[in-house]
Amino acid sequence: MRRLLLIFLMACGGSSPSSSNGQMLVVQAVGASSTIAAPGGTLQLAAYQSVVGPYGSGSTMEQVMANWSSSNIAVATVDPNGLVTGVANGTAVITATASSRTGQLTITVGAMAPAM
């Protein structure tokens, strides 16, 4: 079930979650894409944790408050509410931290040149 959930979230712009005590933290773009068309554009992110149901029956995702950071503020910044703003063309990894769990999502700003 956990692999199916991860595959679904990755296909929908979700992040690679980390796990601690059976809980995951997933960072997901509120829209369908993790791309900002051009510098100056924005993208809203949200962080979710997996919560195991009563008596271990299934799990659900609930939104949590997180601390946000960008790996490359020259490309994208992120505010305390998870709003990412494109600064220049390129990529940046946005990280959410809640308690001891982290989740990440790679953001692309602008059109990337094809790899050679």
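The model is predicted, so local features need pLDDT of at least 70, side-chain atom pairs count only at pLDDT 80 or more, and totals for chains, interfaces and linings use all residues. Residues are numbered from 1 along each chain as its sequence is written, and side-chain values use heavy atoms, with hydrogens and water left out.

The protein chain holds 1 helix and 10 strands. Helices (H or I, at least four residues) and strands (E, at least two) are DSSP runs, numbered from the N terminus. Along the sequence, the pattern is α-β-β-β-β-β-β-β-β-β-β. Of the 116 residues, 36% are buried. Buried means under 20% relative accessible area, exposed over 50%, and partly exposed in between (1.4 Å probe, protein chains only). The accessible surface of the chain is about 6,700 Å², and carbon and sulfur atoms account for 58% of this surface. Such areas come from the Shrake-Rupley method with a 1.4 Å probe; for residues, only the protein chains shown count as cover. Among contacts (heavy atoms within 4.5 Å) with a separation of 6 or more, 42% link residues 24 or more positions apart.

Strand 4 pairs with strand 5 (residues 59–64) through 6 bridges, and the two run antiparallel. Two strands pair if DSSP finds at least two bridges between them. Gln49 faces Glu62 in strand 5. Strand 4 is also joined to strand 8 (residues 83–86), by 3 bridges and again antiparallel. Here Gln44 has Leu83 of strand 8 as its bridge partner.

The largest nonpolar core contains 21 residues, and Leu45, Trp68, Val84 and Ile107 have the most contacts inside it. Strands 2 (23–29), 4 (42–52), 7 (76–78), 9 (90–98) and 10 (101–109) each give two or more residues to this core. Strand 9 supplies the largest share, 4 residues. A nonpolar core is a set of buried Ala, Val, Leu, Ile, Met, Phe, Trp, Tyr and Cys residues joined through side-chain atoms within 4.5 Å. In soluble globular proteins, nonpolar side chains tend to be buried together. Beyond its neighbours within four places in sequence, Leu45 touches residues including Trp68, Val84, Ile94 and Ile107.

Ser70 lies in strand 6 (residues 67–70). Ser70 counts as buried because its relative accessibility is 18%. Its side chain reaches the backbone nitrogen of Asn72 at 3.2 Å. A polar atom of the Ser70 side chain also lies 2.6 Å from the backbone oxygen of Ala76. Leaving aside neighbours within four places in sequence, Ser70 contacts Ala76, Val78, Ala92, Val93 and Ile94.

Terms used
A polar contact is a pair of N or O atoms within 3.5 Å; within protein, one must be able to donate a hydrogen and the other to accept it, and residues adjacent in sequence count only if both atoms are side-chain atoms.
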